[in-house]
Amino acid sequence: MFMEPEGPQVTDQQARELDDSFFTSRPFGYFTSRIAALISASEPGVPDVAHGLGAAFLSKLGFHDVDGILAADEKDRALQIATDAFAVRHHAAEALVRLYHALAVTPSKERQAPSVWVSMVNGPRQMADLVGQAADHLDSDLGASTFWSIALPIDAVADSSIRASANKSLNVMASWLRRAMLLLTREDINIDAAHNKLKHGLAVAANDNERAVFVRQGPTADGTIPLSALNGPDAFNVIDAITLRYLAVAPKTNGRKQGLEMSVLRLIPATLLAEAWMVALTHGVMFHLAAERHFKGRDVQLAECPKLPLGPTPEHLARNAVVGLRYPVTTPPGGGAPDRRTGIATENAFVGLTIDFTQKQTAVVVDDG
């Protein structure tokens, strides 16, 4: 329960005891439970709190029933689910990259890491440094040739009858590790900033009433635009789902500090949760195998290793969909025009836009069907 400090660094015995505790945790169960809870929360109605935790919750507050306490509008529930689906995907992504860094990068740099848990805590603080080191190692000859050792069970490598599927699983897990790195460091639309604003004070705005669409037909003389123009074959939807808006200082560009930037993410809960599960599954496999190595020769009950994934890959789930859009709100503190253009981010590209604010128009959408 307690540990006596013996110096500025952990001793070998302390490292062993720390990882004894760390590797008996159940991170894959944690992430699957969160995903399951969000899916369950999508069901309408007030949750049943007559027993267990719900009853204890009411008792702590001094209430006898749930009426008026946890009643949530269906729209509010949908916004919460979409926002939390985004959060759990990002949480899983950082967990995976930090675990990979501790298992693969730290030992290669320090020859021997005393504790995986300590390595995770003492790893790079800045996300760019964490991902940069992890990506460089994965792309190196050493990283590529040894990745299997932290991602595949020994029996999957030794059994020739399953080696082909094991290799496929290895490639799938590597693709999700790279996907996690991208989510943490993508700059053309700063996804990591969204997560930071979400967890630090909920400085974000989720909405279900925004739509952005490119159409060929503009407003008519009477100030209306037909609904068919928005839904027709020539229309291109940019935002057509729940959105997450957030303000952040844009990254330094062309050597200049930038001003505030508004970003709008397009949230599809089913896709977010599917991605979160694949990232968590990859993390779960690596974590379980690391735990087996740590406890080798000792009789310790561990959670079952997740089944090796054969798919889908990030490309299969993403399909170059629109991720969101961004636009500057203020000019750079040093003056001049913003260096980061307004534009739309897809999974594979960023398309810059030029907005003519002098030609801005408003119109009323009318049903012409």
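## The largest pocket

Strand 2 (212-214), strand 4 (236-239), strand 5, strand 7 (322-328) and strand 8 (343-346) each contribute at least two residues to the lining of the largest pocket, where strands (E, at least two residues) are DSSP runs numbered from the N terminus. Strand 7 gives the most to this lining, with 4 residues. The model is a predicted one, in which local features need pLDDT of at least 70 and side-chain atom pairs count only at pLDDT 80 or more, while totals for chains, interfaces and linings use all residues. Residues are numbered from 1 along each chain as its sequence is written, and side-chain values use heavy atoms, with hydrogens and water left out.

The volume of the largest pocket is about 1,300 Å³, and among the 35 residues that line the pocket, Ala-212, Val-213, Phe-214, Leu-353 and Ile-355 lie nearest its centre. On a 1 Å grid over the protein atoms alone, a pocket is an open set of points with protein on both sides within 12 Å along at least five of seven lines, a cavity is a set where a 1.4 Å probe fits but cannot get out, and lining residues have an atom within 4 Å of a point. Grid points are joined across faces, edges and corners, and a volume is the space filled by probe spheres set on the points. By class, the pocket lining divides into 19 nonpolar, 8 polar and 8 charged residues, with Ala, Val, Leu, Ile, Met, Phe, Trp, Tyr, Cys and Pro counted as nonpolar, Asp, Glu, Lys and Arg as charged, and the others, Gly among them, as polar.

A search of the whole structure finds 2 cavities of 30 Å³ or more. The largest cavity holds about 40 Å³ of space, and its lining, which includes Ala-250, Gly-259, Glu-261, Pro-328 and Arg-340, has 4 nonpolar, 3 polar and 2 charged residues.

The second largest cavity holds about 30 Å³ and is lined by Asn-190, Ala-193, Tyr-246, Ala-248, Glu-261 and Ser-263. Strand 5 (242-249) and strand 6 (260-267) each supply at least two residues of this lining, which divides into 3 nonpolar, 2 polar and 1 charged.

## Strand 5 and its partners

Strand 5 and strand 6 pair in the antiparallel sense over 8 bridges, pairing being counted if DSSP finds at least two bridges between two strands. In this pairing, Tyr-246 stands opposite Ser-263 in strand 6, and both residues belong to the lining of the second largest cavity.

Strand 5 also pairs with strand 1 (residues 205-207), in the antiparallel sense over 3 bridges, and here Asn-207 stands opposite Thr-243 in strand 5.
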